[in-house]
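Here are my notes on the model, point by point. Please read them with the structure open.

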Amino acid sequence: MATDIRMTTHKNQVTMATIASTSYNPREIDNTVDIPGRRSPLITGNQTYSSVTEMVCRVAEEPQPMLWYVLFGFSSVTAVMFLSLIGYLIFTGVGIWGNQNPVFWAWPIVNFVFWVGIGHAGTLISAILFLFRQNWRTSINRAAEAMTIFAVVCAAIYPGIHVGRAWLAFWLLPYPSLNLWMWPQFRSPLLWDVFAVGTYASTSLVFWYMGMIPDLATYRDRAKSPFKRFIYGLFCLGWTGSSRHWLRYEKAYTLLAALATPLVLSVHTVVSFDFAVSQVAGWHTTIFPPYFVAGAIFSGFAMVVTLLVPVRKIYKLENLITLRHLDNMNKIILATGSLVGLAYGTEFFIAWYSKNQYEGFAFLNRAFGPYWWAYWTMVSCNVISPQLFWFKKIRTSPLLMVIVSIFVNIGMWFERFVITVTSLSRDFLPSSWGYFKPTIFDGLMFFGSFGVFMSLFLLFCRYLPTIAMSEVKGVMSSTEHSEHAQAALLGHGHGGHGSHGHH
Amino acid sequence: MSDHKPKTTNGNRPPRAFGWMAEFSDEHKLLEAARKVRDSGYTDTDAFTPFPVHGIDEALGIKPTKLPFIVLCCGLTGLSLALLMQWWMNGVDYMYIISGKPFGITPASIPVAFEMTILFSAFSTFLGMIALNGLPRFSNPVFTSARFDRATDDKFFLYVSAKDKYYNRESVRELLAGSSPDHLEEVIEDSSPAALPKAVWLGALLLVLTGLIPAMIVLNMRAGYSTKPRFHVFFDMDFQPKKKAQQTTTIFADGRTMRPQVAGTVARGQLDEADSFYLGYDPAKLAAMEAVGNAAKLVSVQDGSAPAAGAAAPAAGATPPAAAPNTNLPWLDKLPIEANEANMKLGQTKFQIYCAACHGYGGYGDGLVHKRADALAQGFWIPPSSMHIDRIRSQPVGQIFHTITKGQGKMPGYAASLTPKERWAIALYVKALQKSQNASIDDIPVDKRSQLEPAAPTAAAPAAPSK
């Protein structure tokens, strides 16, 4: 068997025992400290290429913990409930929701924007951080990309079922509908949305899948059952790790990163056009694109933190997803959270400065009108709570950071609620003012979308490589090079503070 | 090499050798060995590594890829397609007029054009990479070595193919051995079958066939014809759960889908006059008549149906119907409009347009239509009434108005053609006409009587139509 050879022929043998001995101890290894002139290690615990493989593959190869089954049972039941409710909605009509004149865009759009926003972190980590050569992305990009895809799946459901006749949702595509040969209206931001979200979903999927091919090959080569070997072999397309293949693969990865970077910025820009291109006071502002993009990254990173903290704990991946990774993500949350806070302030300033009475009213109404509670929930969750990340103690405490990021996600949902509902419920015609009340189906279906999201994510952890092994190894190799060079430059030997002991 | 024994394919011929493969546990050693192999002039070489080793393309002499060029072409294709699509769909084939914006390529075309550029580029990047790499390739000689499983884990392999034009089994082995690899072996033909298992083919075939079923059903339905109505998965707007006029329903106690006017409803523009102005009778007085019979009469009057039909008896001067239903109704006997010259002129004009065709200019029921119909002698022609018979002469002005409005017998109602005021004006004119044909000397003021000829001191002959 292949495994026997692996264990007996390797010079620096890595067995389960060595992995156990390099188990994570947060007090012992603190890679969140920056020492001038030296790069902090990206992964901890004296890892070798083989131990990285072992740690990641173990997640899928060993039996899942009881917690996985509990969570999966719960979330799959929730997902099934969501799907049944969609069936009920299609056969009954969108009247089961609380959408009512004047608030025709209510929770479905709020949830759509919420999920699309969350879906921004993955591609941002994969693409933008790749272009900026942020090597720490390698430990988190796979899970973040997976999360992106699943969030976009949840997002795409909402406009699809909100169109009323969901079975004709394909008319959103350039399709000559009915016998009228009627094409879509390309000057509408809602149609731009179809293209933006569609391109984003498919490109993210390709990016995610392509990044996974080498790791699927690792899974294939370690698979013990012929069936698993066949399935993983099928999906890794017969990857061998040939240098010619790697050359084109890396080129393709760079190209995809370069393409996905403007794409990720465009998606939430276009989503914001849905609002900004309309005339409604509180929507019709040029600040929306950057403000939405910042908010999207903010919420996406919060969701990555919320998911990865338990994942690294449950699957014992603390040496790969180190505190430094979490610390870095929290810094991004702090930065984008402050940007979002600045945007809130700017909106108010412009509403006053423009001397536009409708804008002025819309914003005063947001903060002090009938939806004041939503507004102040949003402000406390989005502006105040991330400020806690100025403190390193909070930034490096897994429990506290999860609490803060959950608050951030609550706040970001409320942000979309505030934007959508407060402006619509108080538009230009006071006689048509109203107060939006959600129904039980609004709530259950939003809750249900989390079931879909979590089920997909749990299946991902169970069957697919949660960490980009080949990329982590590549970074290990290049870091070592740079450390050699650095050591030579500084005139002292390599050792003592070694980040990797495999050499 | 101890774990590897030469395998045989068919038992009789020696297995084909594909080349030599050296295994290293370190990328630096791999790079050194690769440079040596390159410097020795071998070109059909490859390295297999768990991650992209930097410098290996230079060390092996791998040429850069043309992938970016392919992506550029596809990206530009996507951009042009997007612009063409938007221009043609919204500017040529189905021109939408949206806020007066120009047709064709506008700034509003940018988002879709941008997304399509990215879409085409991204997919061409991925598919181009796959195609240039010759993937998917499930059967590969390098997989024959069990050790090769670690190429995706932590081992580095250098491979020299037997297809290289300078290949010599022994010298390549020596060259690779010189780099002191962890392991060196010859890649030989795989004894296991390269083809996919039959079950997989069968499964795939079955899947494809099953996938075709819906398409076949749709095609069959499209091409053939059926006497049964179309099958509707979704009703769309073809079948709506709604009631139409004249249908019955169980929702309302009276079983009618159409609802009566809500009590007290006033139509737009009818607030300025009393109800009697539009009806010819006083509805308040009518309501006060509590007798059921009168209410029934009202219905018949409103419908212009049964009892009134008797009044259209052809023979002028014939006995009035036994039941003269309209006589005891509260008809207006006073004109609601002023009896002045302007109204009289209006009534005359409208009478001559709408009434005279049948009733004649004098009101004797001898209009052109009557004459012509009579001449054709169709037998069933019912002549229009003369207005100068007692029954009609005794009618109050409200009843005349009502007849003009609702019609009588064969005569249609003129409510659609004449305004209420015009109808009252006609009633006024009819009254004047009647008077003119039945006047007595007493009707003439005393001082004017002398202007009349003494030959006609008595009342005008009642049957003098030509006057």
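1. Start with Phe298(A). This is a predicted model, and in it Phe298(A) is buried, because 32 other C-beta atoms lie within 10 Å and the cut-off for buried is 20 or more. The residue sits in helix α11 of chain A, which covers residues 288-314.

2. Which residues touch Phe298(A), once its neighbours within four places in sequence are left aside? The contacts are Ile333(A), Thr336(A), Gly337(A), Val340(A), Val408(A) and Met412(A). Take Ile333(A) as one of them. It lies 35 residues from Phe298(A) along the chain, yet the two C-alpha atoms are separated by 5.3 Å.

3. Gly211(A) belongs to helix α8 of chain A. Leaving aside neighbours within four places in sequence, its contacts are Arg142(A), Glu145(A) and Ala468(A). Glu318(A) is 107 residues away along the chain, and its C-alpha atom is 22 Å from that of Gly211(A).

4. Now α8(A) as a whole. Helix α8 of chain A runs over residues 189-222. Does its length fit a helix, or what span should we expect? At 1.5 Å a residue, its 34 residues should span 50 Å; the end C-alpha atoms are 48 Å apart, so the two agree. The helix does have a kink, of about 45 degrees, at Ile213(A). Most of α8(A) is covered, with 27 of the 34 residues buried.

5. Turn to chain B. It has 467 residues, and 28% of them are buried. Its secondary structure comprises 15 helices and 6 strands. Among contacts in chain B with a separation of 6 or more, 69% join residues 24 or more positions apart.

6. Strand β2 of chain B, residues 45-48, is covered on both faces. Which residues lie on each side? Thr45(B) and Ala47(B) are on one, Asp46(B) and Phe48(B) on the other, and all are buried. In a regular strand, side chains alternate between the two faces of the sheet. The partner of β2(B) is strand β3 of chain B, residues 156-161; the two run antiparallel and are joined by 4 bridges. Within this pair, Ala47(B) stands opposite Leu158(B).

7. Helix α3 of chain B, residues 67-93, also passes the length check. Its 27 residues should span 39 Å at 1.5 Å a residue, and the end C-alpha atoms are 36 Å apart, which agrees. Buried residues of α3(B) include Leu67(B), Val71(B), Cys74(B), Gly75(B) and Gly78(B). Further along, Ala82(B), Gln86(B), Met89(B) and Asn90(B) are buried too. What covers these residues? The cover includes α4 (110-132) of chain B and α10 (243-276) of chain A.

8. Last, the contact between the chains. Chain B gives 61 residues to it and chain A gives 56. On the chain B side, β2, α2 (56-60), α3 and α4 each supply at least two residues. The largest share, 15 residues, comes from α4(B). By type, the residues on the side of chain B that touches chain A are 36 nonpolar, 12 polar and 13 charged.

Conventions
Residues are numbered from 1 along each chain as its sequence is written. Chains are lettered from A and ligands numbered from 1 in the order in which they are written. This is a predicted model: local features need pLDDT of at least 70, side-chain atom pairs count only at pLDDT 80 or more; totals for chains, interfaces and linings use all residues. The expected span of a helix is 1.5 Å times one less than its number of residues. The bend at a residue is the angle between axes fitted to the seven residues ending there and the seven starting there. A residue is buried if 20 or more other C-beta atoms lie within 10 Å of its own, exposed if 12 or fewer, and partly exposed in between; C-beta atoms are placed from the backbone. Two strands pair if DSSP finds at least two bridges between them. Two residues are in contact if their C-beta atoms, placed from the backbone, lie within 7 Å. Ala, Val, Leu, Ile, Met, Phe, Trp, Tyr, Cys and Pro count as nonpolar, Asp, Glu, Lys and Arg as charged, and the others, Gly among them, as polar.
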